[in-house]
Amino acid sequence: MVMSSGFKVLLRVSAAIALLVIYAPLLLVVVNSFNASQTFAWPPTDLTLEWWRRAANSQGARDAVLTSIEVACLATVVALVLGTMAAMALQRYRFFGRDAVSLLIILPIALPGIVTGIALANAFKTVLGLELSVLTIVVAHATFCIVTVFNNVLARLRRMGTGLEEASADLGASMFTTFRLVTFPMMRSALIAGGLLAFALSFDEIIVTTFTAGPRDQTLPIWIFQNLFRPNQGPVVNVIAVVLILLSVVPIWVSQKLAGTTEGLAGR
Amino acid sequence: MFHRPLPRLAAVCAALTLTAACGTSSGGDSSGGDGPGGFTAPDVPMLQELGDGEGEVDVLAWPGYVEDGSTDKSVDWVSSFEQATGCQVNVKYFGTSDEAVNLMKSGDYDVVSASGDASLRLIAAGDVAPVNTDLIPNYADVYDFLKDRDWNSVDGQMYGVPHGYGANLLMWRTDEVDPAPTSWGAVFDENSPYAGKITAYDSPIYIADAALYLMKTQPDLGIENPYALDQDQLAAAVDLLKTQRTQISEYWSDYLKEVQAFTTGDSVIGTTWQVIANVAQDSDVPVDVTLPEEGATGWSDTWMVSAEAKHPNCAYEWMNHIISPEANDAVAEYFGEAPSNAKACDVATKGFCESYHAGDADYADQIWYWTTPIPQCLDGREDVTCTDYGDWTQAWTEIKG
Amino acid sequence: MAYFLHRHPGARLGLLLTPPMLWLGAAYLGALAALFITSLWGQDPFTGEVVRQWNLDNFRLLWESEVYRRIAFRTVGIAALVTVIDIVVAFPVALYMAKVASPRLRSVLLIAVLTPLWASYLVKAYAWRIMLSENGIVHDLGGLVGIDLPGYGLTAVVITLAYLWLPFMILPIYAGLERLPDSMLEASMDLGARTGHTLRRVILPTVFPAVVAGSIFTFSLSLGDYITVRIVGGANQMLGNVVYDNVGAANNLPFAAAVATIPVVIMLGYLAVARRAGALENV
């Protein structure tokens, strides 16, 4: 009862309206996945399951989803490792340039994607002479995903304190054992939360990916982008989007349960 | 890598008025044919003999040109090619000619479907090789008026095989626009009744459309070729386009976007491709198209081979396949353009070749195909320097504001 | 080795810090530096080859040509407006979730806010395009009330961008509010403050860093965006479009790099201010 009830009602109404606005376009997407018109004419005059049928048969979409999952997994793993290392370094030690380091970690995500995209593409192709491939996409994605893991782990380490680790050392455990048996389990939920966010970021990323993907690489966003161009393919994209939304509720729910608080999810 | 003879360099410097210093080093030899307007094509070796297929080919194409059934099971002219030649096709799509030019520099692709505004640039940069048409049996059946043209050959040497061509037409909503327009004036009229609902193609090459209109309506400007514009002529075209900008609903480069805009009524009149009109009409949107009285710009696409092709034999096989009657007809019908192979009309669905004016050299001649503007005036004038594509790009940014 | 590391905290730190720093510092910063260097070169407009001649022509063009300044101001304006709108919309939602909703409802709301992040950005933007079209929902609603709501254009861009980035603003604010102990609010009430007063004097100042943290994302994402403008922006263009068109369309990487320095400089300034406000802890 820390606020007047009138104010609470106001909040409730605002939140409801906001959620309505958030979900209106998504509902439109769902409706359009059944819309018989290829060009999403509104209001839909005819409903059809044709697009769902086509999506189920679409080899291109399936391959794109798999590529996206592959890229996101790899990028998440790299981000987890590097993010954790950086967080531990920053949280546990005092050193000159701490602020600069945390700024550097944020930079890839704070700078507009197009800048990161063309900078990395230029570096890969012109400076290093590499060919663009799934690996270059992974490198690009990992770069801006580090920050999500970093934030989560940092917050968790701050709450954890060093007490337990010191106790473990006092009891004779080596540093690596302490990490394996004490630190890591305590960080696990933060890692999962951070990892899930990193996965989501990488999965839906289009801007940086456009510049760092090789000629044959199609992540899902690239597939969507290309198919919105093509004749007869636009509506299938809606179907894919609906499927993604439905499927995504599961990992979010899982992450929620594990993280307990929002510190995990706020790391973006 | 810099094949630039000094006279051309001086012309470039003079034309780039916005850039102060432009003293670049010129070096290297420049043997090879002379391109239209006087650029010199670098010496890139041509394949002399067709060997065994390499097992795969990397294709860079306009969306819809290389369909292998993955988007629509019934649309597939790639699988037959893969089975017949053993060359697996890997395709990457691009959205604009400029992207194509950019992507070809990487050397990652063996063959590209280049429109006329990309082909010369690819030749000049040494990114594509001359094509040995003797190695391509189906080339003999290609319409003659598509061979040895300005945009696909240099000094009589072909640099690719013609894919097909189409015109940029004027489309309008029959229920919103009355009377039916017959002139491009309908989109350039500064007091248009359709203000706020006019659409245009989103590329600097659209400046040529404005120039074409000025060519007919303001003959004292002296425009002979809409791609050969000196500073004053470009300025006139830019003014026309800036006026038009105030009435534009949106520019389009994605043709699904244009179909949608016409379906919802956000655009009611503007530049289009035949395929867009067909898709709209299929969805019961009341539109009609016409080739206006001033003529039109258009595109004529050419399949070109990369100078650094890793799979040159499969590349030649692909080019032969895509202009074979069945494949050429299939892609022309899917995309909505005129085929380049005369025999394609033998296998085409009834009425298709007529509606797309396949083989109609007169219709084709009314079309000013996309060509990259260069400082050496394409209309042959020697006393002035024409504006080049860099100028057009700058101008386009200013027009859009 | 564990013994060595135990005795030498410096080595531990080095080991921990080197891989991330190599990745971000050397690779990423290096890539940015290489890009900046490119902006000092020129380009042959016909072949698209980069000409490695040092000059400041790209920057001179940016400075002298009025259109780029206009586009830059327009972009910054849009980014600022989007940020403000997001803050205004996100705050009540976050406050409700953090302080008023029951724990079960809170979970549900959190999932509800996060789920849209998984719907593809492109699909959401296209959905807005449909909604804002001539015969779309927005137009119909406007017709009911009797006003002519704008279709595609800058307003549409602002609305769509604000919509797309909303979750990125809700989450940090929510996290910040959650960290605010209820006891503080109760204390404020005990001291006689009404809701409005508590809001102004207790909640807002505490949550301010979180708000700034969220704004980093909405501002930066809007500053560099080029896709949404092309989908709902009508005939308009933003800085991102100029960069994108010059990289892809004009093949003029040096000029694109020069234009790209504008949002980089702006964001670096923004980050410096944000750090001052303590926002970097809340990101």
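What follows is a set of questions and answers about this predicted model.

Q: How many disulfides does the structure hold over all chains?
A: To count as a disulfide, two cysteine sulfur atoms have to sit within 2.5 Å. Cys87(B) and Cys314(B) pass, with S to S at 2.0 Å, and so do Cys345(B) and Cys353(B), with sulfur atoms 1.9 Å apart. Cys377(B) and Cys386(B) are joined too, at 2.1 Å. Over all chains, the total is 3 disulfides.

Q: How many residues apart in sequence are the parts that Cys87(B) and Cys314(B) tie together?
A: A disulfide joins Cys87(B) to Cys314(B). Cys87(B) lies in the loop between α2 and β2 of chain B, while Cys314(B) is in helix α10 of chain B, so the pair ties together parts that are apart in sequence by 227 residues.

Q: Is the disulfide of Cys377(B) and Cys386(B) left-handed or right-handed?
A: For contrast, take Cys345(B) and Cys353(B): the torsion about their S-S bond is about -100°, so that disulfide is left-handed. For Cys377(B) and Cys386(B) the torsion is about 105°, so their disulfide is right-handed.

Q: Which strands stand at the edges of the open sheet in chain B?
A: This sheet has 5 strands in the order β10-β9-β11-β8-β12, with mixed pairing. A strand at the edge has a single partner strand, so one side is left without a neighbour in the sheet; here those strands are β10 and β12 of chain B.

Q: Which helix of chain B lies across β8, β10, β11 and β12?
A: Look for a helix that covers residues 274–282 of chain B. Its direction is at about 160° to β12(B), and the helix is α9.

Q: Which residue of chain B forms a salt bridge with Glu131(A)?
A: Side chains of opposite charge can pair when their charged atoms come close. The closest N and O atoms of this pair are 3.8 Å apart, and the cut-off is 4 Å, so the pair counts as a salt bridge. The pair crosses between chains, from the loop between α5 and α6 of chain A to the loop between β13 and α10 of chain B. The partner is Lys310(B).

Q: By about how much of the helix are Arg60(C) and Asp57(C) separated?
A: Arg60(C) forms a salt bridge with Asp57(C), the closest N and O atoms being 3.4 Å apart. Both are in helix α3 of chain C, 3 residues apart, so the separation is about one helical turn.

Notes
Residues numbered from 1 in each chain as written. Chains lettered and ligands numbered in written order. Predicted model: local features only at pLDDT ≥ 70, side-chain atom pairs only at ≥ 80, totals over all residues. Heavy atoms only, no water. Helix = DSSP H or I, 4+ residues; strand = E, 2+ residues; numbered from the N terminus. Pairing = 2+ DSSP bridges. Contact = heavy atoms within 4.5 Å. Axes fitted to C-alpha atoms, helices over the stretch in contact; angles between N-to-C directions. Salt bridge = Lys/Arg side-chain N within 4 Å of Asp/Glu carboxyl O.
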